[in-house]
Amino acid sequence: MGAKGQRSYGRWQDRWWVLGLMLLVVWVGIRLALNGWSSWPGILIGGIFYAAFMTWFLMRRRRKDARAVGTEPDRVPEMERRIARNGEAPDDPAEQEAMVRLIRRREEKLRRSRRWAFPLLGLIFIGTPFLWFASGNVPAGLWMLGFGVVFMGWMIWFNRRFVRRMAAMRQRIEGVGGYA
């Protein structure tokens, strides 16, 4: 069932400890860049708690997805990568069914969260700079506004691209639209 050149247990980047370590490094790096080196003990302790919580949350989501689509939790990241990269449809009929179920699950989650997630992100990333402006810190407000516009643009582009790729993969597997 594994992809070409992969072991049956998946890529090492998909392991829980690698995910936690990456979260810790990113969190600590961002916080040190924003707050400076003087507060590194608190940043490190907070980063450990944050990485542990997010690792638990993401692994829980992976297990729930695997249970819902009828596959192993270690297979979910590979299936998501195949979809995101617009890769080949799996040859195994059982894996094809699991991938279609995963695609439908992702489409439903995106459809449900589209009404609140993008407006909330917009409020956070576009509305927060006005708090900086109101407090008199115009440079921080401008940086946050620029970041918010770029981030929201990237999120919208990424979301549309992923939806198109999910639909294309589903069509290739189901044979709808002349892809089979």
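Predicted model: local features only at pLDDT ≥ 70, side-chain atom pairs only at ≥ 80, totals over all residues.

Biologist: What makes a residue of helix 3 count as buried?

Modeller: Buried means under 20% relative accessible area, so V76, P77, E78, M79, R81 and I83 all carry that label. These buried residues pack against helix 2 (40-69), helix 4 (93-135) and helix 5 (138-174). Just after helix 3 comes N86, with a positive phi of about 60 degrees.

Biologist: Why is L21 called partly exposed?

Modeller: L21 sits in helix 1, residues 16-35. Its relative accessible area is 46%. Buried needs under 20% and exposed needs over 50%, so L21, at 46%, falls in between and is partly exposed.

Biologist: How do you know that L21 can belong to a nonpolar patch on the surface?

Modeller: A patch residue needs over 30% relative accessible area, and L21 has 46%, so L21 passes that cut-off. The patch is formed by W16, W17, L21 and V25, with about 480 Å² of accessible area together.

Biologist: And what is the volume of the largest pocket?

Modeller: That volume is about 1,600 Å³. The pocket is lined by 37 residues, and L58, R61, E80, R106 and F158 are the closest to its centre.

Biologist: Which helix gives the largest share of that lining?

Modeller: Helix 4 does, with 12 residues. Helices 1, 2, 3, 4 and 5 each supply at least two.

Definitions and conventions:
Residues numbered from 1 in each chain as written. Heavy atoms only, no water. Buried < 20%, exposed > 50% of the residue type's maximum accessible area, 1.4 Å probe, protein only. Helix = DSSP H or I, 4+ residues; strand = E, 2+ residues; numbered from the N terminus. Contact = heavy atoms within 4.5 Å. Patch = residues over 30% accessible without salt bridge, like charges linked within 9 Å, V, L, I, M, F, W, Y side chains within 5 Å. Areas by Shrake-Rupley, 256 points an atom, 1.4 Å probe, with all protein chains shown as cover. Salt bridge = Lys/Arg side-chain N within 4 Å of Asp/Glu carboxyl O. 1 Å grid on protein atoms, 1.4 Å probe; cavity = no way out; pocket = protein on both sides within 12 Å on 5 of 7 lines; lining within 4 Å. Points joined across faces, edges and corners; volume = space filled by probe spheres on them.
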